[in-house]
Amino acid sequence: MNESSNRMTYLRKPLYVFSMLALVLVLMSGYGDSKQALANENNLSEIDSELLYSNTVQTNQLEPDYVTRLKEWNDAGIDAAEATLVIKAADIKRHSEGSLHKVGSYAGAEDVLIWNNQASHWVEYEVIIDDPGLYELSLVYHSYNNESASKNYRPTIMAVQIDGQFQYREARSIEFTKLFKDELPLRQDEFGDDIRPRPIELEQWITRSFKDSEGMYVNPLRWYLDKGKHTIRLQTQESIAIDQIVISSPQSVPQYTDYLAGLPGERNGSGEIIQIEAEIMNSKNDVSLQMAVDQDPLVTPNANGKQIFNTVGGTRWEQGGKAITWSFDVPKDGWYKIAIRAFQGYQTNKRVFRTIYIDGQIPFKELEAYPIEYASSWQGVTLQDADGGAFELYLNAGEHSITMEATNAPYASILAEVKDTLLILNGLSQDLYALQGGENDVNRTWDIENNFPEIPLKLEVVQQKLKQIEQEMIQVNGRTDNNSQMIRSAISDVEAILKYPNDIPYKRDNVSSVQQSIASVQQPLTQSPLMIDKIYIASIDDSFPRMRSNLWERFQNSMNQFMISFNDERQLSAGDDQVLNVWMAYGRDYVNVLQDLADQYFTPETGIKVKVDLLPDENLLVLANAAGRVPDIAIGMTEGRPVEMAIRDAAAPISDFPGFEELAAQYAPGAMMPYYYADNYYAVPESQQFNVLFYRKDILEQLELEIPTTWEEVLHILPTLQQNGYDFNIPTDYLPFIYQNGAEFYSPDGITTALNSAEGFQAFKQYTDFYSLYGIKRQVASFYQHFRDGVMPIGLGDFNMFLQMSVAAPELRGWWGIAPIPGIKQEDGTIARWAGGGQKATMIFEKSNKKDEAWQFMKWWLEAETQERFGSDLEGFYGIAFRWNTANVEAFSHFPWQAEELNVFLEQWRWYKDMAHVPGSYFIPRELNNAWNRTVLDGHNFRASLEEAVLNINRELRRKAIEFKYIDEEGNVLGTYDPPMITEPWEGAKKFVR
């Protein structure tokens with residue numbers, strides 16, 4: 001099918017959908033009237049779900065969620081079973097082809113399953129059930145560390161099928177965590193600041209119940225097994241060693257009164273107060289649970305203006321399921337009470353919840369999801385009942401543990417209602433799109449209530465659901481907060497839309513606004529940050545120490561902080577002949593990691609002492625250069641900064657340094673382009689971003705769609721996606737279309753732009769047609785959230801999106817994938833996938849008097865071994881969310897990737913190509929964005945829009961060329977830039993493909 005006929009078929013789709021919808025609604029007019037009457041009587045719960053969810057995107061609800069399934073079982077009278085069965089993990093009945101597993105000894109255990117995965121695989125077991133009912137499952141496991149692979153800090157996520165089916169959605173993502181502790185004692189840097197300790201994995205066998213990965217349920221998940229033989233399939237991407245699978249009767253947690261009744265009746269106190277410094281953790285189940293610094297006067301040890309680790313948690317401890325354990329010794333048997341000195345002031349007026357375990361068990365139900373109230377300052381939190389009486393716990397003499405686990409369980413039902421409401425609104429948005437055909441015809445009149453009664457009906461249902469959500473939020477939280485106020489605002493917006501039903505077809509943007517308001521509460525409800533200073537375990541006869549600082553203490557502390565701020569020991573060093581001065585534009589912990597690596601490896605090898613400073617603002621480099629107080633080397637420079645400095649003779653050329661060719665060969669030629677100017681290179685990239693194609697396996701499988709490899713194939717799947725209420729995400733990034741169509745940003749000499757070529761016009765047309773002709777959304781607030789919810793099951797996202805999905809969407813582990821971005825098929829059959837993404841780089845300053853030493857450091861810093869060490873340390877401190885996106889492909893390939901993930905990144909790496917920079921090149925993105933606005937938003941002709949952009953770009957390039965003596969006033973060319981021209985993909989990444 002040619003392009004014009006394909007386009008006409010595509011454009012007929014909304015009209016076809018509208019016609020069919022109108023026909024169905026006319027035939028159902030009587031039915032619609034009855035439903036409208038039902039809505040008016042507020043009996044909305046009785047509405048036929050087929051009508052309510054018509055044209056609705058059913059995202060990842062391939063199975064009901066756990067709460068729904070558990071209610072079905074309870075309604076059917078299915079009780080808890082009373083039996084225990086043990087399956088040896090070595091007794092595998094079946095497995096996936098290519099699964100690398102064996103039976104052997106591991107970490108002191110014999111005949112265990114050693115499962116070494118490089119991709120997603122499964123194993124199956126069989127069990128015979130004599131006592132039908134609900135069971136809990138638990139796993140006896142040990143993390144598997146392959147000595148030949150990089151350290152992997154990720155938990156193992158498993159999908160669990162019973163008899164070939166997922167019993168509920170949460171079964172797709174069961175998390176088995178690893179345990180870590182911090183390397184102690186803490187070390188200090190030259191300023192007396194603590195250096196963040198490295199994590200040490202605790203090598204031990206762990207028994208853990210099968211629990212959801214989002215922290216939405218406190219208790220283990222339950223599974224229904226009827227009488228007879230069953231198959232249990234475990235599927236995962238991570239390596240793990242497994243000893244046993246235990247199938248047991250569900251355990252119940254007693255109420256507090258029942259707990260008391262089962263213990264000694266005499267309430268005797270021990271006279272002891274035990275204090276635990278919260279930052280000294282016995283174990284944690286995620287490396288991202290970090291020590292933190294706080295300057296409050298009562299926090300111990302007192303920071304006194306320094307970076308002293310004296311607390312734990314904060315925003316690092318907000319994700320459900322993340323737990324910290326502390327150990328303590330009880331001197332004598334007796335009754336004790338517990339208090340926590342905590343800061344919970346991150347979300348105004350919002351409660352957070354913690355599940356509290358003593359010796360690995362929840363003592364009573366009241367501690368399953370214990371609420372901690374909002375306070376704008378540090379507070380003392382005594383574990384107590386609703387009447388304010390402290391909970392009393394009986395502890396025997398000896399060693400004990402207390403564990404606190406973040407949980408979102410009280411918000412689980414609210415979040416389910418929010419998702420359901422968004423489904424209805426998404427369907428309504430598609431209804432309105434079908435009615436309007438994507439155009440707002442204000443001259444058309446509507447009789448919505450009679451002809452399309454289901455539209456206001458859906459809004460009525462949304463209104464009632466939102467009121468219910470608001471009430472539940474206030475009930476769980478104890479008062480209104482920002483989230484309930486956002487829902488209240490959405491209710492008002494729905495009321496305004498319903499006020500004039502015949503205007504609803506013109507209110508699609510208003511409906512989208514309501515969707516955004518409702519969706520905005522999802523993330524805050526799943527965040528429960530908490531910072532802890534100390535935990536007190538006191539005899540019931542004793543009082544806890546004071547846990548709130550007074551006004552005078554806070555005043556004194558503020559004055560002390562003010563005086564310390566004048567201390568110049570932390571000021572950026574420059575011109576110090578005793579050291580090589582390095583300025584780094586990343587966080588303080590990044591600086592400490594690099595300083596530590598330099599002290600351990602670089603200085604002993606070269607004898608060059610290095611001083612790494614934190615550069616808080618990259619713009620300070622311009623001021624420092626003007627003042628003549630520059631560092632020797634700068635790390636973390638944004639992509640355009642090195643050439644900007646080179647144009648002004650502030651950056652040192654590095655092409656002639658010995659070993660430059662060998663260093664540059666480790667990087668994609670397209671990644672080096674932004675640092676070329678005037679026959680020389682002025683920087684080398686240290687990190688880089690690039691887009692890949694994200695896709696939801698479950699939804700594409702439902703729609704029977706293949707993963708597109710070209711933009712032509714994207715156009716082929718778009719009608720199916722949009723007819724089913726989905727969309728494809730394409731960021732407003734012109735660079736891939738320019739390069740894939742064979743266009744270039746500059747003429748060969750670099751003096752003018754080459755965007756006015758035939759290839760340039762074709763590229764710009766293809767780029768803008770996606771938005772103006774094919775209906776791709778022009779702005780997407782959060783592709784991550786849309787992708788996670790299933791509204792956009794496919795689209796382009798960057799490396800950060802990959803990390804976010806890996807960390808914050810564990811329920812989708814194994815149900816999404818990545819692929820190289822679509823491209824354009826060439827005459828030889830290859831697909832050109834050129835794309836950039838943005839980088840940060842390392843550069844040397846021209847005014848440095850240690851250029852040779854700086855070059856030695858630069859080579860050491862950018863070599864694969866150092867980059868791998870740096871990235872491993874960062875991931876050890878913060879988890880996979882901080883995986884270092886090094887531009888060194890060898891170091892990148894050594895990080896703990898799944899083979900299928902790494903190979904996609906490496907394929908896209910071959911086609912990496914950024915834009916070169918010349919004087920005035922900042923006008924190119926500005927003018928191309930203006931041209932996009934004229935074409936897409938204002939409806940101008942694409943050719944005229946690009947021609948105007950080319951005219952403005954050439955004018956600025958000429959002005960700058962005159963300023964820097966490349967053109968004289970008469971227009972004579974005195975010199976040329978000659979930017980590199982790269983037309984072939986880089987083959988250097990191929991050797992790292994697994």
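Where is Asn 349 found? Asn 349 is found in the loop between strand S22 (334-343) and strand S23 (352-358). Helices (H or I, at least four residues) and strands (E, at least two) are DSSP runs, numbered from the N terminus. The model is predicted: local features need pLDDT of at least 70, side-chain atom pairs count only at pLDDT 80 or more, and totals for chains, interfaces and linings use all residues. Residues are numbered from 1 along each chain as its sequence is written, and side-chain values use heavy atoms, with hydrogens and water left out.

Stay with Asn 349 for a moment. Its relative accessible area is 25%, so Asn 349 is partly exposed. The terms run as follows: buried means under 20% relative accessible area, exposed over 50%, and partly exposed in between (1.4 Å probe, protein chains only). Asn 349 and Val 904 are 555 residues apart along the chain, and their C-alpha atoms are separated by 44 Å.

Next, the backbone. Most residues other than glycine have a negative phi, and most peptide bonds are trans. Asp 359 is not a glycine, yet its phi is positive, about 55°. Asp 359 lies in the loop between S23 and strand S24 (370-372). With a relative accessible area of 38%, Asp 359 is partly exposed. Lys 965 also is not a glycine and has a positive phi, about 65°. Lys 965 lies in the segment after helix H29 (942-963). Its relative accessible area is 63%, so Lys 965 is exposed.

Two prolines follow cis peptide bonds. Leu 184 and Pro 185 are joined by one, with omega about 0°. Pro 185 is in the loop between strand S9 (180-182) and strand S10 (187-188). Thr 300 and Pro 301 are joined by another, with omega about -10°. Pro 301 has its place in the loop between strand S19 (291-292) and strand S20 (311-314).

Now the strands. Two strands pair if DSSP finds at least two bridges between them. An open sheet of five strands has the order S2-S5-S15-S7-S8, with antiparallel pairing. Strand S2 (94-95) and strand S8 (174-176) stand at the edges; each has a single partner strand, so one side of each lacks a neighbour in the sheet. Strand S7 (residues 156-162) and strand S15 (residues 228-236) are antiparallel and share five bridges. There, Val 160 stands opposite Leu 234 in S15.

Which strand is mostly covered? Strand S31 (residues 633-638) is, with five of its six residues buried. Strand S29 (residues 580-584) runs parallel to S31, and three bridges join them. Val 582 has Ile 633 in S31 as its bridge partner. S31 also pairs with strand S41 (residues 839-844), in the antiparallel sense, over five bridges. Here Ile 635 has Thr 842 in S41 as its bridge partner.

Turn to helix packing. Helix H8 (residues 454-477) and helix H9 (residues 482-499) pack at about 160°, with their axes 9 Å apart. Axes are lines fitted to C-alpha atoms, for helices over the stretch in contact, and angles run from 0 to 180 degrees between N-to-C directions. That angle makes H8 roughly antiparallel to H9; angles under 35 degrees count as roughly parallel, over 145 as roughly antiparallel, 65 to 115 as roughly perpendicular and the rest as oblique.

Aromatic rings come last. A pair of aromatic rings is described by the distance of the centres and the angle of the planes. Rings of Phe, Tyr and Trp (its six-membered ring) pair if their centres lie within 6.5 Å; planes under 30 degrees apart count as stacked, over 60 as edge-to-face and the rest as tilted. A search of the whole structure finds 69 aromatic pairs. In one of them, Phe 737 and Tyr 767, the ring centres are 5.5 Å apart and the planes at 35°, so the pair is tilted. Phe 737 is in helix H20 (residues 735-740) and Tyr 767 in helix H21 (residues 758-772), 30 residues apart. Both Phe 737 and Tyr 767 are buried. For Phe 870 and Trp 884, the centres are 5.0 Å apart and the planes at 75°, so the pair is edge-to-face. Phe 870 and Trp 884 are buried.
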